[in-house]
Amino acid sequence: MPKLKIAVLFGGRSGEHEVSRNSGAAISNALSVSCEVFPIGVAKDGQWYGPIPLAEITAFEPQNYPEKKVTILPFPHSRGIIYSLPNLAKIEEVDAFFPAMHGTFGEDGTLQGFLELSQVAYVGSGVLASSAGMDKIIMKRIFADAGLPQVPYLSFLRKELDSGPPDKIIKLIKKELGFPCFIKPANMGSSVGISKAIDEEQLRQGLSKAAEYDRKIIVEKGINAREIEISVLGNENPQVSLPGEIIPCNEFYDYKAKYVDDRSSLRIPADLTSNQIKKIQEYGTIAYEAIDAAGLARIDFFIDKDTNEILINEINTLPGFTAISMYAKLWQHSGLYMEELTKKLVDYALERNAESRRNKTVYTD
Ligand SMILES: Nc1ncnc2c1ncn2[C@@H]1O[C@H](COP(=O)(O)OP(=O)(O)O)[C@@H](O)[C@H]1O
Ligand SMILES: [Mg+2]
């Protein structure tokens, strides 16, 4: 049987562009064992370039590939066909796409919508789960509806903060959530725009900072938390890994602790009782299904050190994906390595694409 051809998309128009190049390189290298890989670098301005040689993915700079602009077309008949720009010559036909992209325009449903239009198979969640998972307010509503325990929170629109000092809002937050609290833009990732406030002054600053990043802002009660994560794999009846734990080197797991300072560590598996593990895995499955995720997700929890309560924090539908990322390491722990893991994800993408093509798109009696 000929090898499957897979286009791996990496980079992108998001604060996580650099992180995504590392994921793209790791995924492309692992997949190249079983598939033919066509790496596509998405520049910070959104333009696609490919194929990028495997060894050049992490250092991808679009100006090095002026002749390699490529695209796909948003029509069903063009499924999987990659064209070169500007002359739209066909250059490759692939079996599936693997978005190795995090954050805006990669993980948030926009890219998934584009891939849907061209009817190509792609790894990971569809439009709905991707966008719902990216918006912390919508995500929390879905999780609440599924009966999952979460930290108390309030949400606001930027325009409520525009009209003078938000005294009413500050009062409400102090009354409902107290200090410390966490202030976050609703649609970001990698801790960008997030701050912790321990008094009113910091709360005001945190609200202004979050408002720079999004028109929707969420404020959560801050808890003294252990940070526990699990990996999920599959479409219907997904597999759930054992939990791992993040030991952040900073006061909380902020952008620096994630990507700049390498003193944060992972503990795999996390030191938990079998009851805690069972609960976390059960909540993880409920969350995955509630949001209609597919392919993969990493689901993050807090365990309140003061009350021992398990709370769901968030779902990441395209988590950081290198051999040293939590997502892959949790699977490695149970003997599933990057090569097989990435191949399984491609198989799930093909399965889901075949399933979606069973749907009628025109009305017939
Ligand atoms: N309510 C909270 N209580 C305690 N710590 C929090 C809370 N919310 C966020 N944090 C800390 O901030 C980090 C980033 O927040 P998170 O909501 O996971 O955003 P992101 O999507 O950017 O990863 C968490 O990993 C944790 O360290
Ligand atoms: Mg997080």
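Ground rules before I go on. This is a predicted model: local features need pLDDT of at least 70, side-chain atom pairs count only at pLDDT 80 or more, and totals for chains, interfaces and linings use all residues. Residues are numbered from 1 along each chain as its sequence is written, while chains are lettered from A and ligands numbered from 1 in the order in which they are written.

Back to ligand 1. Its shell has 20 residues, and the closest are F182, S191, E220, F252 and Y253. A residue is near a molecule if its C-beta atom, placed from the backbone, lies within 6 Å of it. Helices (H or I, at least four residues) and strands (E, at least two) are DSSP runs, numbered from the N terminus. What is the make-up of the shell around ligand 1? There are 9 nonpolar, 5 polar and 6 charged residues. Nonpolar means Ala, Val, Leu, Ile, Met, Phe, Trp, Tyr, Cys and Pro; charged means Asp, Glu, Lys and Arg; the others, Gly among them, are polar.

Strand β1 (residues 5-11) runs parallel to β2, and 7 bridges join them. Two strands pair if DSSP finds at least two bridges between them. In that pairing, A7 has F38 of β2 as its bridge partner. Strand β2 (residues 36-42) is mostly covered, with 6 of its 7 residues buried. Buried means 20 or more other C-beta atoms within 10 Å of the residue's own, exposed means 12 or fewer, and partly exposed is in between; C-beta atoms are placed from the backbone. E36 sits in β2. E36 is partly exposed, because 14 other C-beta atoms lie within 10 Å.

Helix α1 covers residues 17-31. Its 15 residues reach 21 Å from first C-alpha to last, close to the 21 Å expected at 1.5 Å a residue. The expected span is 1.5 Å times one less than the number of residues. Is α1 enclosed or open? It is largely enclosed by the rest of the structure, because 14 of its 15 residues are buried.

Strand β5 (residues 81-84) pairs with β6 over 4 bridges. One of the bridge pairs is S84 with A89 of β6. The hairpin of β5 and β6 has 4 residues between the strands, and L88 there takes a positive phi near 55°.

Most residues other than glycine have a negative phi, and most peptide bonds are trans. Q119 has phi near 60°. Q119 lies in the loop between α2 (110-117) and β8 (121-122). N308 has a positive phi of about 70°. N308 lies in the loop between β17 (295-304) and β18. N308 counts as exposed, because it has 10 C-beta neighbours inside 10 Å.

Two cis peptides as well. One joins G50 and P51, with omega about -5°. P51 is in the loop between β3 (48-49) and β4. Another runs from F179 to P180, with omega near -5°. P180 is in the loop between α6 (167-176) and β10.

Last, helix α11 (residues 338-356). Its 19 residues reach 27 Å, close to the 27 Å expected. Buried in α11 are M338, L341, T342, L345, V346, Y348, A349 and R352. Why are these on the same side of α11? Because they cover an arc of only 160° around the axis. The arc is that of the directions from the helix axis to the C-beta atoms. The face turned away from the buried side carries the exposed residues A354 and E355. N353, also in α11, counts as partly exposed, because it has 19 C-beta neighbours inside 10 Å.
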